[in-house]
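Subject: Structure handover

Hi,

Here is the structure for your files. My notes come after it.

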Amino acid sequence: PVRCSMASRILVLGVLALAPALGLRASTPAAFAGPALPSLRAAPGGRGALRPVGGLRMVAAPLPKNGVANKVALVALGCPKNTVDAEVMLGDLQSKGFSIVRQPRDADVVIVNTCAFIEDAKKESIEAILDAVQLKDTNAKGVVVTGCMAQRYAEELSLELPEVDAVVGFEKYGDIGPRIEEIITRSGYEMPKVEVGRTDVPFRPEWERFRITQQHHSYLRVAEGCDHKCTFCAIPSWRGRFRSKSFDAIMFEAKQLVESGVTELNLIAEDTNQWGQDFGKEDPRRLADLLYKIAEIEKVKRIRLLYCYPSYFSDELIQAIAEIDKVCKYVDIPLQHIADPVLKRMQRPPRGHTEELLRKIKERVPDLVLRTTFITGFPGETVEDHKALVAFVKKWGFQRAGVFAYSEEEGTPAALMEDQVSAERKERQRDELTGLIQEAQTGFAEAQVGKTIEVLIDGPGEGGFGSIGRTRFDAPDIDCCVHLPQSFPSGTYVDAQIVDTYEFDLVGDASEFLEAQAGDILKKAMS
């Protein structure tokens, strides 16, 4: 059957949801504070796809020594940790007098903040670098490569892509301003400058940011690095050993972000729930304690936990998730697999530990939504191993999940293992698991119909009509959303009745919320 577009379906709901007695309109574009600009991302698999950085908040800054505000654009790729790096880097540059522009084509220098997680991410990063280099034929004077590819492949990038002007690693982010000024003012060709430094980089202040996410939500990094020895993962080789950010630094950063308009804080790290484990006996505070303190910040409405390792769920942490209203009943726990032979080769926690953890969490937080990731086709995985994973997914019905075909990463033990699985089988198994998870997502969405749910508005809907937002069980950028016929400013929290589904998304109606709002306004006006 032919499905109506989301805009058409929302239009119908909007007409039905009108409240003529109050003079309300289903869609009032003028009510928008302004849509958040799209993230600056290179579209996967496509060239010429540089897009503008979004959610920008301009502040005054001094001019550079030459008296001209040199223009910088940033192409943001990769995970939320890369996003935080990018925001802090841009904040530094703006404080030094650089003008941050939306479009790479308008910039004097383009920074490409790369990702090196899996093969597809590397390809996307290379394509973004090449696209940026092409801009040197028109307006751009230079291209700087940062991020995980710069940290991991600095020498290779400088040799293979001599058109790049600088390759800068994590430790040298604070010095990127002088490098950009050199690029803009120099004459003649030079080979790329490579400045990488250590992997175990001390924390820099991360509250002075130039935001590229929407203004009402932000990522709050609580730790960096990883001490685990997962045989498929190379991240510790460039992100360094695990180290927790100090309690005071996190709290100060959280308060600064909230004062800038953030109401939803998404806690991130390589292993978020390991926070504080490296403090020792002299400081017993752990993630549960941090959650209670962040929840005391009055303007914070949502706290979400992303990237939690299965090994660090203390009873205190589970209790904090259960009883703190501001903590979303949503936890991201990448499990990767469930068959013990595969987990052993991956050097991940065994099946028994995982199942006991999930049982305990679901028992104490009955409405918890679980997000996870799985890897199919790991070296040595048998048909029986895959069947065990399929049965596990069916049993637990994960409402949010991602499935990846195993990607061979150079420098990892798994890349040298025997019994590598064929690409065809990896992809077939990935598609099977993805189908199961989509069934669970569809069932979960349908179960929400008839409920009234809090929705955080992220911006205008399809075609600028209505609004699009997220529930408490949807993380930004990676999960599902709610479509509403009414228009609300970004960052508004509304109670919406769920009336339908659209694939895995929800379709809601907030007319009762608008009526109540209008009634409150009338009461205040008449009092």
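Below is what I found, starting with the ground rules.

This is a predicted model: local features need pLDDT of at least 70, side-chain atom pairs count only at pLDDT 80 or more, and totals for chains, interfaces and linings use all residues. Residues are numbered from 1 along each chain as its sequence is written, and side-chain values use heavy atoms, with hydrogens and water left out.

**Overall**

The protein has 15 helices and 19 strands. These are DSSP runs numbered from the N terminus (helices: H or I, at least four residues; strands: E, at least two). Of its 527 residues, 55% count as buried. Buried means under 20% relative accessible area, exposed means over 50%, and partly exposed is in between (1.4 Å probe, protein chains only). Take contacts (heavy atoms within 4.5 Å) between residues at least 6 apart in sequence: 77% of them join residues at least 24 apart.

Six strands make an open, parallel sheet, ordered 7-10-11-12-13-14. Two strands pair if DSSP finds at least two bridges between them. Strand 7 (217-221) and strand 14 (400-405) are the edges; each has a single partner strand, so one side of each lacks a neighbour in the sheet. From one strand to the next, the twist averages 15°. Angles run from 0 to 180 degrees between N-to-C directions, with axes as lines fitted to C-alpha atoms (for helices, over the stretch in contact).

Five bridges tie strand 7 to strand 10 (residues 264-268) in parallel. Tyr219 has Asn266 as its bridge partner there, and Leu220 has Leu267.

Five of its five residues are buried, so strand 7 is largely enclosed by the rest of the structure.

**Helices on the sheet**

Helix 9 (residues 287-295) lies across strands 7, 10, 11 (302-305) and 12 (327-332), at about 160° to strand 11. Helix 14 (residues 423-447) also packs on the sheet. Helix 14 touches strand 13 (369-376) and strand 14, making about 170° with the direction of strand 14.

**Cores**

The largest nonpolar core has 55 residues; Leu265, Leu267, Leu291 and Phe313 touch the most other members. A nonpolar core is a set of buried Ala, Val, Leu, Ile, Met, Phe, Trp, Tyr and Cys residues joined through side-chain atoms within 4.5 Å. A second, separate core of 52 residues includes Leu77, Val145, Tyr153 and Leu161. Beyond four places away in sequence, the contacts of Leu291 include Leu267, Ile303, Leu305 and Val327.

**Lys329**

Lys329 sits in strand 12. Lys329 is partly exposed, at 22% relative accessible area. Its side chain reaches the backbone oxygen of Val327 at 3.0 Å. Lys329 and Arg472 are 143 residues apart in sequence but 7.4 Å apart in space, C-alpha to C-alpha.

Best wishes

Conventions. Polar contact = N/O pair within 3.5 Å; in protein donor to acceptor, adjacent residues only side chain to side chain.
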